[in-house]
Amino acid sequence: MVKKKYLILVNALLWAAAGINILRIGIRAALDDGTRVWLWSILVFTLFALMFFRVIGKNVKRIHTMEGEKAPLYKFLTLRGYLIIAFMMTLGIVLRHIGSIPNAFFAYFYTGLGTALTLAGLFGGMKRPTKN
């Protein structure tokens with residue numbers, strides 16, 4: 001059992017770590033490919049940032065509304081959250097290894113996605129939940 005503030009911290013660190021890893025792959029693809037994909041990256045970033053900040057906000061709110069001061073560490077995500085992460089990781093690995101997707105796709109998509117995940121993880125957990 002850990003304090004709720006640590007659940008929020010673990011949640012934020014998980015999102016940020018995933019984002020940094022995806023961003024690293026995207027930047028490497030952009031450098032290898034030599035294409036200028038930053039405009040597309042901004043579009044991908046905007047779409048995913050809107051979604052990720054909302055999801056993290058819901059997670060923070062859920063953690064704050066849990067009964068008691070402490071909760072099991074695994075409660076930083078819901079079962080649905082764990083399943084979504086597992087699906088996204090599997091899909092990313094499969095897409096990178098099938099070999100028929102152009103490197104430029106990974107350059108702009110992963111750069112935008114990774115930036116959105118990283119910023120959502122770093123800043124999304126700092127917001128206090130709103131009363132709804």
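1. Helix α3 gives the most to the lining of the largest pocket: 13 residues. The model is predicted, and the points below should be read with that in mind.

2. Other helices take part too. α1 (4-33), α2 (38-64), α3 (79-98) and α4 (103-124) each supply at least two residues of this lining.

3. How many residues line the largest pocket, and which are closest to its centre? The pocket has a volume of about 980 Å³. It is lined by 34 residues, and Trp15, Phe52, Ile84, Ile85 and Met88 are the closest to the centre.

4. Look at the lining by class. It has 24 nonpolar residues. Five polar and five charged residues are also there.

5. Now turn to the surface. Ile84, Phe87, Met88 and Leu91 form a nonpolar patch. Together they have about 380 Å² of accessible area.

6. Leu91, one of the patch residues, is found in helix α3. Is Leu91 buried, partly exposed or exposed? Leu91 counts as partly exposed because its relative accessible area is 40%, which lies between the cut-offs of 20% and 50%.

7. Asp32 sits in helix α1. Its relative accessible area is 59%. That is over 50%, so Asp32 counts as exposed.

8. Asp32 and Asn103 are 71 residues apart along the chain. Their C-alpha atoms are separated by 8.1 Å.

How values were computed. Residues numbered from 1 in each chain as written. Predicted model: local features only at pLDDT ≥ 70, side-chain atom pairs only at ≥ 80, totals over all residues. Heavy atoms only, no water. 1 Å grid on protein atoms, 1.4 Å probe; cavity = no way out; pocket = protein on both sides within 12 Å on 5 of 7 lines; lining within 4 Å. Points joined across faces, edges and corners; volume = space filled by probe spheres on them. Helix = DSSP H or I, 4+ residues; strand = E, 2+ residues; numbered from the N terminus. Nonpolar A, V, L, I, M, F, W, Y, C, P; charged D, E, K, R; others polar. Patch = residues over 30% accessible without salt bridge, like charges linked within 9 Å, V, L, I, M, F, W, Y side chains within 5 Å. Areas by Shrake-Rupley, 256 points an atom, 1.4 Å probe, with all protein chains shown as cover. Salt bridge = Lys/Arg side-chain N within 4 Å of Asp/Glu carboxyl O. Buried < 20%, exposed > 50% of the residue type's maximum accessible area, 1.4 Å probe, protein only.
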